[in-house]
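Student: I would like to learn how to read strands, cores and pockets from a coordinate file. Please take one feature at a time.

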Amino acid sequence: MNDRTKEWFSEVRYGLFIHWGLYALLGGEYQGEKTDHIAEWIMNHLNIPVEEYRKLAASFGGEDFCPREIVRKAKEDWGMGYLVFTTKHHEGFAMWDSKCSDYNVVKATPYGKDVLKELKEACEEYGMKLGLYYSQAQDWDDPNGLRYGSDNSGKNFRKYLDEKCIPQLRELLTGYGEISLLWFDTPMEMTREESGELVDLVRSLQPGCIISGRIGNELGDYLTTGDNFIPAWPLERDWEVPATLNDNWGYNRYDGNWKKAEDILRLLLKIVGRGGNYLLNIGPDERGRIPEESIRILDEVGRYVKENGEAIYGTKKMAPYPYDLNWALLTAKDYKLYVHVLKPRMRIELLNMANQVKRAYLVRDKRELPCGSRNICEGDPIVEVELSEELRRETGYVVCIELVEKEPIFNPIRG
């Protein structure tokens, strides 16, 4: 990535994924049969014929979908800095007014409005970076699109690229102003040359647009991890974790396996502390409503993020701390270490931290806290911050320790 592009991606750290398409109408069930796989893959996993699946479009009302409110909440309540929307998932249905396929949300549904146009306008109003998800290889509607778990050897994939994929990408990159990110997915058996052709198209039309790692063949601008998988240590490249609040991406009315807000917060802080971005998904239902549990979780996490944004936005990867702290997680900037206190604590003690300390303060109100560094009786260094009686009873706050050195210095465990 060039410096300008890299700057916004590593600054925001936290984004919103939106999976919305025809699969939301089924909600994880087709003709009385429930899928035990992710809901947005129901067409493939339950082998729904193309002609039957296409009939769903006639019932797609989306009457409660409110792009402006979603973007407002993501920006103002949840503290997110970018949004990625599924313009075309593997089902092959376009969520914009595509000129090369009438199988789209404007021409084929009662909704009749360009979802992408509405989202773009809302993102511009609230200063939100807009990214577009596009399934470049899999298209279960197109006879020449690839399909996971099927024999694709007889398909004319070149015809699909030339007649649908590339024309639609050109529409997306020329008809909606500045696009900040293109989130490709499941490259399947695409060759390096085919992936490179799509990269060149993006570069030629929108040079500042970031390309996700799932373009395939290691041609992305950053590394995309497996869904809901978090690297155990910092990575050399820029990276991002795409993740869900329950077990599905698209809406599934039977999925009540919601993660706790405190667990989502811990995941966010682990990812940010290791230098990554967290792209967290919501799946609106058939009417376009965000599940209430999604809102509750994101509201709770958002309160922490908004209050302690200094310790999240613009942070960078740091060397792993040698001890596993069950009461805190760490993030860092140049000359600063942030201690996210998640359990009650008498004082902050960071054993084997060899930095010289300038000062410490509570991030939410900049209140100064007594701090210092010394060696314990075994000879190992330690940094300490004294907490007030009030803070000793609290959880969910951040203390910044300003350092003389640019980076945190963590000595190995010895003795």
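Tutor: Two terms come first: buried means under 20% relative accessible area, exposed over 50%, and partly exposed in between, with a 1.4 Å probe and protein chains only. Helices (H or I, at least four residues) and strands (E, at least two) are DSSP runs, numbered from the N terminus. This is a predicted model, in which local features need pLDDT of at least 70 and side-chain atom pairs count only at pLDDT 80 or more, while totals for chains, interfaces and linings use all residues. Residues are numbered from 1 along each chain as its sequence is written, and side-chain values use heavy atoms, with hydrogens and water left out.

Student: Which residues of S10 point one way, and which the other way?

Tutor: In a regular strand the side chains alternate between the two faces of the sheet. From S10, Gly 276, Tyr 278, Leu 280 and Ile 282 point one way, Asn 277, Leu 279 and Asn 281 the other way, and all are buried. S10 covers residues 276–282.

Student: With which strands does S10 pair in the parallel sense?

Tutor: Strands of a sheet pair through backbone hydrogen bonds, either parallel or antiparallel. Two strands count as paired if DSSP finds at least two bridges between them. Strand S1 (residues 14–18) pairs with S10 in the parallel sense over five bridges, and Gly 15 stands opposite Leu 279. Strand S9 (residues 239–243) also pairs with S10 in the parallel sense over five bridges, with Pro 242 opposite Leu 279. From S9 the chain crosses through helix H9 (residues 261–273) to S10 in a right-handed β-α-β crossover; right-handed means that, with the strands pointing away from the viewer, the path from the first strand over the helix to the second runs clockwise.

Student: What is the order of the open sheet of eight strands?

Tutor: The order is S7-S6-S5-S4-S1-S10-S9-S8, with parallel pairing. S7 (210–211) and S8 (223–224) each have a single partner strand, so one side of each is left without a neighbour in the sheet. S1 runs parallel to S4 (residues 82–88), joined by four bridges, and Leu 16 stands opposite Leu 83.

Student: In what order do the five strands of the antiparallel open sheet stand?

Tutor: That order is S11-S12-S18-S14-S15. S11 and S12 (residues 336–341) pair over six bridges in the antiparallel sense, and Ala 332 stands opposite Leu 337.

Student: Which residues touch the most other members of the largest nonpolar core?

Tutor: A nonpolar core is a set of buried Ala, Val, Leu, Ile, Met, Phe, Trp, Tyr and Cys residues joined through side-chain atoms within 4.5 Å. The largest has 98 residues, and Trp 20 and Tyr 53 touch the most other members. Helix H7 (residues 157–174) gives the largest share of this core, eight residues. Another core, of 26 residues, lies apart from it and includes Leu 325 and Leu 403.

Student: What volume does the largest pocket have?

Tutor: Rolling a probe the size of a water molecule over the atoms shows where empty space is left. On a 1 Å grid over the protein atoms alone, a pocket is an open set of points where a 1.4 Å probe fits, with protein on both sides within 12 Å along at least five of seven lines; lining residues have an atom within 4 Å of a point. Grid points are joined across faces, edges and corners, and a volume is the space filled by probe spheres set on the points. Here the largest pocket has a volume of about 390 Å³. It is lined by 18 residues, and the closest to its centre are Arg 274, Pro 320, Tyr 321, Leu 329 and Leu 330.
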